[in-house]
Amino acid sequence: MSSMTREETQALIQEVLEVYPEKAKKDRAKHLTVNDHEIEQSKKCITSNRKSAPGVMTIRGCAYAGSKGVVWGPIKDMIHISHGPVGCGQYSRAGRRNYYVGTTGINTYGTMNFTSDFQEKDIVFGGDKKLEKLIDEIETLFPLNKGISVQSECPIGLIGDDIEAVSKKKNAEINKPVVPVRCEGFRGVSQSLGHHIANDAVRDWTLGARDDDDTFVQTDYDVAILGDYNIGGDAWASRILLEEMGLRVVAQWSGDGTISEMELTPKVKLNLLHCYRSMNYISRHMEEKYGIPWMEYNFFGPTKMAESLRKIAAFFDESIQEKCEVVIAKYKPEMDAVIEKYRPRLEGKRVMLYIGGLRPRHVIGAYEDLGMEVVGTGYEFAHNDDYDRTIKEMGDATLIYDDVTGFEFEEFVKRVKPDLIGSGIKEKYIFQKMGIPFRQMHSWDYSGPYHGYDGFAIFARDMDMTLNNPCWNKLKAPWLASDDDEASVAAAGE
Amino acid sequence: MPSVMIRKGDGNELLFYIAKKDQEDPIETVETDTEEAWGGLVTLTDGSEWYIDPISPRPTFPTTLRFKRA
């Protein structure tokens, strides 16, 4: 099956929805659509950012995951207290691979878990005293921390603790930023609200810290990287390109970032936004308050990268634009070699994606550079502004699914038969057991970086080694294989 | 009465962003759009209509304003 027509795709959606009860069917139908380039606004064809139906498998996270895990967690020189019971922090600890430079436990704390470990008595009598004590202990044990954030877990909101009051008091006492974040897990329908809450906390508690201080020497070429979490070193691979162009990267939000960088961000000339979903709020705020323009860019795959680099350079003078062309030309032979090597091995392969944030649309260009086709894509927690952008990137009559359930995703895969799936760890082993090559695209399957020119070479290699792995011919036990299978295995082995 | 942030898009058109709804659409027409005042009935490209009492002097964008459903 090469590609499906619009009618076939529509029929597939109908067929998959058949098993649901009437109400769930009606509800889920709104989240599945066939891409149509003629539709300008996604709200005409897809509903997003709605509560998942009870009883279906969803891979969404909670507001705490969005705030502590995504936005605040990677800020390396702050200590992020998971305020509440121990599990939320412990089971999400150090799994995201947002790399940083520093000595963990001395001046950086990225992979550590700090928690107030709520017990029954804290729920009954309140946990504010415990939080104060915890902050004092942190100050004694980790005196080089540059600030503390209090990431609320569900019980904090339920019992009505006043973490803001504690934070203000401790802020005055220790003379470091103490940021209360009201990201209780029950808020919102997914981690997306956690991003928003975290952005608001940044806005209210840290961003204006150096407004009256002009000791920081500014240049005309200051930029900040927003929404790059340095998964497997992504932000570093992006940063070097910007620096080669002659720009000065003042801040990285928040992969390998520091609180000081965040406080300096209002002094830059341009905000570069990679993950639109998680950081557009703060970009809009900075545009309004400080007049800093922001732009979205895409550093996946050479085609999109050249486009983005030129778009970035257009904000600056000719010297930057010249250097931008030099950078693009410098990496071109390298990229051509990568494409020459891997494209013949990957040409025409079909990919289905189901990820979060920016990747369901951003990586499409990288796959296309390798001659692959994305036949289905979907977001865990996108809003309609993300789908507006996705419609343009995706091919006509391809599948788009929002907050897809485990059942729907499996059925789609069975029918569409993609050659590769990119999704999360919870999907990985199901699809691998179904015999379909799979890449875990949340943390690049323990590889990376995938951003930037360096990243693309790794991306291409990873896709090749997954897709063309000889293990996919060996899924059938030898004594069950027919003669035909043996012949094909032998042919593949040549 | 949602708070709406209005900013300039790539083509210098005004974008109407409703934070609560994560909706961002270009503004099609503005009833009063002069040097001295800006506001009145605002129509978006998706067809929805919003109202704000004309602001004088004309605000500088980007800015956040409170609109009413028209």
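**Exercise 1. Determine the handedness of the crossing between helix 18 and helix 19 of chain A in this predicted model, and describe the packing.**

Step 1. Helix 18 of chain A crosses helix 19 of chain A in a right-handed sense.

Step 2. Locate the helices. Helix 18 of chain A covers residues 406–416, and helix 19 of chain A covers residues 425–433. Their axes come within 12 Å and cross at roughly 35°.

Step 3. List the contact residues. Helix 18 of chain A supplies Phe409(A), Glu410(A) and Val413(A). Helix 19 of chain A supplies Glu427(A), Ile430(A) and Phe431(A).

Step 4. Sort by class. This contact holds four nonpolar, no polar and two charged residues.

**Exercise 2. Size the interface of chain B and chain A, and find which residues of chain B lose the most area.**

Step 1. Chain B and chain A bury about 1100 Å² between them. Carbon and sulfur atoms carry 39% of that.

Step 2. On the chain B side, Arg7(B), Tyr17(B) and Asp22(B) lose the most area to chain A. Together they make up 43% of what that side buries.

Step 3. Count residues. Chain B gives 12 and chain A gives 13.

**Exercise 3. Count the salt bridges between chain B and chain A, then trace the chain B side to its elements.**

Step 1. Four salt bridges span the interface. One side-chain pair in a salt bridge is Arg7(B) with Glu287(A), at 3.7 Å from N to O.

Step 2. Strand 1 (3–8), strand 3 (23–33) and strand 6 (63–66) of chain B each give two or more residues to the side touching chain A. Strand 3 of chain B has the largest share, three residues.

Step 3. That side of chain B divides into three nonpolar, four polar and five charged residues.

Key. Residues are numbered from 1 along each chain as its sequence is written. Chains are lettered from A and ligands numbered from 1 in the order in which they are written. This is a predicted model: local features need pLDDT of at least 70, side-chain atom pairs count only at pLDDT 80 or more; totals for chains, interfaces and linings use all residues. Side-chain values use heavy atoms; hydrogens and water are left out. Contact means heavy atoms within 4.5 Å. Buried area is the accessible area (1.4 Å probe) that two parts lose on being put together, summed over both. Helices (H or I, at least four residues) and strands (E, at least two) are DSSP runs, numbered from the N terminus. Ala, Val, Leu, Ile, Met, Phe, Trp, Tyr, Cys and Pro count as nonpolar, Asp, Glu, Lys and Arg as charged, and the others, Gly among them, as polar. Axes are lines fitted to C-alpha atoms, for helices over the stretch in contact, and angles run from 0 to 180 degrees between N-to-C directions. A crossing is left-handed if the near helix is turned anticlockwise from the far one by less than a right angle, and right-handed if clockwise.
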